[in-house]
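Please read the points below alongside the sequence and the model.

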Amino acid sequence: MATSLQEKQVNALKRMLNFNQVPTKTSNAEPQWKVLIYDRFGQDIISPLLTVKELRDIGVTLHLSLHSDRDPIPDVPAIYFVMPTDDNIQRICRDFQNQLYESYYLNFISAISRQKLEDIAQAALQSNAVQQVSKVFDQYLNFISLENELFTLRHQDRDSISYYAINKGDVKDTEMDSIMDSIVDSLFSVFVTMGVVPVIRCPRGNAAEMVAEKLDKKLRENLRDARNSLFTSDGVPGQFSFQRPLLVILDRNLDMATMLHHTWTYQALAHDVLDLKLNRVEIEEVIDDEMHVSSPTRKPRTKKKVYDLSPRDKLWTSQKGHPFPEVAEAVQEELNGYRQEEGEVKKLKAALGLEGEDDTAISMLSDNTARLTSAVTSLPELLEKKRLIDMHMNIATALLEQIKARKLDTYFETEERMMSRSTLNKSLMDIISDPEAGKSEDKVRLFIIALICGPPMSEAEIDQYCVALQAANCDISAVQYVRRWKSYSKLQAPPSQYTGGSISSTSMFSGLLSKGSQFVMEGVKNLVVKGHNLPTTRIVDALMELKSLPDSEDYRYFDPKLLRADASSVPRNKSPFQEAYVFIVGGGNYIEFQNLMDYVKSKSTPSVPKKIVYGCSDLVNAAQFLKQLSHLGQEI
């Protein structure tokens with residue numbers, strides 16, 4: 001039974017693609033052919049969840065963008081999966097007029113307004129297509145689930161709900177309202193999909209509080225309308241149905257340092273350095289090395305390669321939260337294991353006199369030997385394994401090049417020491433003025449972290465550093481914004497904000513260097529991070545375990561199921577929460593996600609499993625976040 005948000009979203013999509021009927025064995029065996037029409041939002045929601053092959057298996061022969069030029073296919077039903085925007089609705093009405101399909105199943109990603117429904121009805125009447133419009137559904141799927149415990153609100157047009165959009169100086173109340181409404185709409189979709197009503201906690205006086213108030217109101221209104229409530233009891237109860245989940249809504253301003261932090265774990269590095277998006281990563285690979293040798297001036301030709309990192313990839317799921325050196329070692333071990341298996345298949349071919357690479361010959365000679373059968377059946381698996389190992393090899397090599405070129409290990413180590421208040425190996429000024437150390441943005445990131453987490457600096461000291469940064473070709477507008485943010489924010493990060501993190505260098509990749517590895521690791525530190533909780537994790541821990549923590553003492557409490565809502569409602573639950581949703585308004589990243597996953601792993605026991613799902617308005621890597629801070633700085 002589906003228990004995770006991602007599984008439930010996949011099931012909802014499969015039901016939608018089966019004309020909103022629950023798929024049965026017969027419908028799976030002989031699906032009815034159909035066309036899928038989506039907009040860019042719909043595409044972003046479907047692409048991390050269903051492959052083209054899986055779509056074909058459920059009968060989708062063609063999948064097309066709503067705003068592309070489409071030819072009429074008069075004898076096929078069309079399933080639309082789009083946002084209820086004015087543009088989309090006009091386009092659907094045009095499709096009616098042009099009589100593109102046999103019948104139309106309209107599925108809106110979030111609820112469509114009464115007015116727009118009437119527009120569609122009007123258009124259907126005018127183009128005589130009322131009979132063809134079979135169903136209109138609100139799907140409440142307005143979020144993107146990237147993993148079982150990770151979701152983000154949108155990828156297209158995500159600038160409209162970014163940190164910059166919420167914090168810019170000239171933001172109008174109406175703009176702010178519409179940003180909050182779109183965030184609430186998506187969070188509402190998440191809980192409709194899960195079929196649970198959470199208990200909401202949030203800090204006072206910022207965007208998170210606005211989201212919490214609006215979400216509480218929206219959930220309350222829906223529960224009050226018992227006939228049309230989306231949270232009915234006839235739904236299948238969730239795994240933790242007797243206990244409701246906690247939803248913690250936090251504001252990005254709570255912890256800015258983590259957004260700019262250089263990281264050391266595989267997934268977060270891929271996001272920071274290679275801009276991992278929607279579980280896909282793009283890498284430039286060199287094609288013609290030989291040409292380059294003959295003429296050193298000519299740039300080698302490169303081609304872009306796109307890799308999908310799916311939850312079905314065991315190596316990825318087991319390693320994505322591990323430090324990079326361990327990942328490199330694991331990939332190397334997989335490769336050695338693969339070579340051994342490949343060697344056995346080759347030996348077998350030689351024994352059968354099939355020296356050539358002709359696999360069909362093997363299958364023709366299907367002797368009774370069990371060994372042969374197993375070799376043949378394991379070939380497709382072997383090829384798939386080889387493809388995944390090659391992919392991780394290429395990604396890890398691309399990361400390693402960047403780590404060496406930008407000295408990311410030094411940055412990571414220095415920042416971790418700052419966050420845990422230990423002494424630095426190399427002074428901040430040395431790193432900033434070292435022309436070899438990283439890109440200019442790396443230096444700005446390091447300095448902002450020093451400003452937020454390091455020992456307090458006087459204005460004169462900060463100015464000195466700014467001069468040094470400018471001398472190193474850095475744009476310091478982001479620093480100016482953080483200075484102002486720091487002087488405004490009453491939340492001066494107390495010394496206890498970042499705690500317990502410490503770093504030790506272990507022997508230099510001993511395993512890798514001795515085994516004759518593919519990775520040249522000399523000169524890269526093997527840093528082992530001791531676990532520590534980031535501010536978000538500490539607050540979630542306090543709220544889940546009902547501990548008292550000065551930071552979260554006066555957090556507001558909303559329970560949409562209580563009949564009367566009043567501002568003074570006090571937390572009523574006496575037992576700790578087993579399940580929590582953590583949502584960050586203003587962007588999140590994989591460092592925070594990984595930190596929460598490590599925390600929940602340490603807290604869970606077989607008898608009391610704990611679960612945390614992390615969500616954010618958009619996933620931003622440090623370069624993108626720094627750009628937003630620079631824009632804010634330029635507006636001061």
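1. Helix H19 (residues 440-453) and helix H25 (residues 622-634) have axes that come within 11 Å and cross at roughly 75°. That makes H19 roughly perpendicular to H25, a label for angles of 65 to 115 degrees. Axes here are lines fitted to C-alpha atoms over the stretch in contact, with angles from 0 to 180 degrees between N-to-C directions. On the H19 side the contact is made by Glu441, Val444, Arg445 and Ile448, and on the H25 side by Ala622, Ala623, Leu626 and Leu629; contact means heavy atoms within 4.5 Å. By class, the residues of this contact are six nonpolar, no polar and two charged.

2. The model is predicted: local features need pLDDT of at least 70 and side-chain atom pairs pLDDT 80 or more, while totals for chains, interfaces and linings use all residues. Residues are numbered from 1 along each chain as its sequence is written, and side-chain values use heavy atoms, with hydrogens and water left out.

3. Helices (H or I, at least four residues) and strands (E, at least two) are DSSP runs, numbered from the N terminus. Helix H23 (residues 535-544) has 10 of its 10 residues buried, so it is largely enclosed by the rest of the structure; buried means under 20% relative accessible area with a 1.4 Å probe, protein chains only. Among the buried residues of H23 are Arg538 and Asp541, as well as Ile539, Val540 and Leu543. The cover over them includes strands S8 (199-202), S9 (246-251), S15 (579-585) and S16 (611-616), together with helix H24 (590-603). After H23 comes leucine 546, whose phi is positive, near 55°.

4. Where does glutamine 243 sit? Its place is in the loop between helix H9 (207-224) and S9. Glutamine 243 counts as buried, at 15% relative accessibility. Leaving aside residues up to four places away in sequence, glutamine 243 touches Ser575, Pro576, Phe577 and Gln578. The C-alpha atoms of glutamine 243 and proline 576 are 9.9 Å apart, although 333 residues separate the two along the chain.

5. There are four cavities of 30 Å³ or more, a cavity being a set of points on a 1 Å grid where a 1.4 Å probe fits but cannot get out. Of the 13 residues that line the second largest cavity, His155, Arg158, Lys277, Leu278 and Leu619 are the closest to its centre; lining residues have an atom within 4 Å of a point. The lining of this cavity has five nonpolar, four polar and four charged residues.

Technical notes:
Angles under 35 degrees count as roughly parallel, over 145 as roughly antiparallel, 65 to 115 as roughly perpendicular and the rest as oblique. Ala, Val, Leu, Ile, Met, Phe, Trp, Tyr, Cys and Pro count as nonpolar, Asp, Glu, Lys and Arg as charged, and the others, Gly among them, as polar. On a 1 Å grid over the protein atoms alone, a cavity is a set of points where a 1.4 Å probe fits but cannot get out, and a pocket is an open set with protein on both sides within 12 Å along at least five of seven lines; lining residues have an atom within 4 Å of a point. Grid points are joined across faces, edges and corners, and a volume is the space filled by probe spheres set on the points. Buried means under 20% relative accessible area, exposed over 50%, partly exposed in between (1.4 Å probe, protein chains only).
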